[in-house]
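Here are a few exercises on aromatic rings and their neighbours. Have the structure open and try each task before reading its solution.

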Amino acid sequence: MKKVFLFSVSILAVAVSPSYAQNVKADQTDKAVVAEKNVQKNTPAQNRSEIEKKQNNTNEKEDASIPQANESASMQNNQIFRLGEISVSVADQSVSNVGNLNTVTSEEIQEYTDSDTLDKAVSLLPGVDITYQIGAKNQKGVSIRGFTTRQVSVMVDGVSQALPYDNDPDMQRYLTNDLSEIQVAKGISSVLNGPNTLGGVVNLVTKRPTKEIEGNLTIRAKFDNDGKYNGIQNSFNVGTNQGDWYLQTGGTYNDINHWKLSRDYTPVAGGAEDGGYRENSDSKDYKFNFKLGYTPNETDEYVIAYNYQHAIMGIPYWEGVPTANSYRRYDPYNHWGIYTLTNTAVGETGYVKTRAFYDEYSNRMYFYTDPSLTQTRFAPDDYQDYAFGANIEGGFDFNDYNTLKAAFHYRRDVHTKRELYTDDLWERYVDDTYSVALEDTVHLSVDTDLIVGASYDWLETKAPKNNPDLAGLDYRKDDDSFNPMIALRHRYSDTGTVYAGVAKKSRFATQKERFSTRQNTYIENPMLTAEKAINYEIGFTDTFADQVKIESNIFYNDIEDALMAVIPDPTQLCRGVACMQVQNVGKARSYGLELAMGYQFSDDISVGMGYTYLRKKLKDNPLLSVVTNVPKHKFNLYADIGFAEGWRVVPVITAYSSRYSPASGSPAESGAVAPADAVKSAGFMTADLKFVYSPTKNLDIEIGAANIFDENYELSDGYPSEGRNFFLTLSTKF
């Protein structure tokens, strides 16, 4: 029955940005109007009368039948912090949109995913898959068109959040309650976004107040499969806009004391996981943010922002027979940062934007002797990392036909560590990363733009300090990469756009990949170079009959010098087994199709459907042959159905085909393994359902269930996922 259902969905489905289901008509009208305004800004005078005619025709198509959900979405969009965006929005042409940009608003996160973490918030987007970064940290990650989390640049308001040591973020630690939207740029994204964007960019855009006083409060209680309370998620946001200045602040408190496995889960004989409560699955997160902005006029904006997050969390065990390193916890997992962002208009068409930042990260992972977690095996390493830097971007209309933009990025990453409770010297690793970029948008006609750009990125590495194992070791002192791109966009109607392009992208090796021995199981390789990919993409988007929005693209990525963990010499042993080493041995290709559709049946009923097809294959690699965490198919189907006054029901169905993962909980950081080390995880389907009651305009009461059919599934071998769980949510805004 399940196969029949999946086949039916595959015939109908199109992988989706959830905004299609809510905002088909509003999106069609707004984007058409703004697109013409933006073209008019940079188009020769002799063509502007034609644009004005198109503008008037588009305005005449507006009607008053936009559903209430669309009005809410429009209000929500007003809170978007435009200065924090990375690509062109529907209201601003201050930066470049090269290929396609998927966006999820905060309203859509609450509507369809009921998630306050980044991994689930982007799970409905085309080409984006949830993965486990398994191994010692057992983190959640995302894969974009087959590129791993480490190959994707995660940003907050356009500021890179790369972890200085390994750039291996846990997507569950990025909380979404203070966001206005999430942007995901893939493939041929703009060169202005900075270095290390091999697999794309995920940008978290915070809120910006628009009223004298506004805010929201959300309280969500969670319950496990037996109806037992297992945690609470609270968040608030308060803001004020006083005309020439504004203030935004917010906070989140999440306390999950456990989560429960599916009742269909079968424990491994002698394993560390016995079913029922997932062992060591508790977590606590505290987050606070503050933003003060000054807006002296309609174009200029100057902002200072502060973010703080503290987490304590268990690390659920690999389900197999315990090893010496099976029992671990993070205490703490901290991050704080302070940022300044500015935008200044220059002349009639020019602008200058700046971002400066300082981020600090600290964490400790404790290893225990048994599952009681009372006796530590040894003193953990104390990590104290920080990063600082700045970027500047500017642009102007060079003439009637050319809009020029340039950017410069600088970042210093510093990683320090030593064993806790000792007076040992701090090991110290330092990288400086630079990027210069130039982009020219050539307005070939009223409806056609040619975008040409290139960036030159380079890395400078300082000699590691206070690590006797690396004393006298030769290392690569610098590395560089030249990344050109070209794209063509054509607006063939008031609502339709087609585009095509090709772009070279790259990512420098992290400090961990170059210098770490992973507790004496790896051989360091400080001579690594950047991995590279040439990305090709063709796509279109259009809206038909004011009700149906369709978006489609096909892509092909040719990957060279990919960083992969291999066994360089089977006779060389590390702790009794063959040593591993990260090398530039990967050659691969990935290709696929993303389709998206939303249909507004009426004011009360909207539906989104989705399908993603993705293949990734290694090319003639004698050491590795199985690519991990790349499902061939992904399906989405969801709806928002109003069935009575103040009542809505929201079903969501997500399905993945099978995928491979490393066996026995071994690290998956390379993205590929030898056949003997691979395990095939079965495909699965999950369904979520919730009912929403809105007694007033500003109050929502939700009750629902995630994984309602209690599906037993895993994203990686030995790491089972949460079974059926329930939630009760109260949300209010003012």
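**Exercise 1.** Find the residue whose face R518 lies over.

*Solution.* A charge counts as over a ring if NZ of Lys or CZ of Arg is within 6 Å of the ring centre and within 35 degrees of the ring normal. R518 lies over the face of Y522, 4.2 Å from the ring centre. K477 likewise sits over the face of Y475, at 4.7 Å from the ring centre.

A word on the basis: this is a predicted model, where local features need pLDDT of at least 70 and side-chain atom pairs pLDDT 80 or more, while totals for chains, interfaces and linings use all residues. Residues are numbered from 1 along each chain as its sequence is written, and side-chain values use heavy atoms, without hydrogens and water.

**Exercise 2.** Classify the pair formed by W647 and Y693.

*Solution.* Rings of Phe, Tyr and Trp (its six-membered ring) pair if their centres lie within 6.5 Å; planes under 30 degrees apart are stacked, over 60 edge-to-face, the rest tilted. There are 26 aromatic pairs in the structure. For W647 and Y693, the centres are 4.8 Å apart and the planes at 25°, a stacked pair.

**Exercise 3.** Classify the pair Y656 and F684, and decide whether these residues are buried or exposed.

*Solution.* First, the ring centres lie 5.5 Å apart with planes at 45°, so the pair of Y656 and F684 is tilted. Next, both Y656 and F684 are buried (under 20% relative accessible area; exposed is over 50%, partly exposed in between; 1.4 Å probe, protein chains only).
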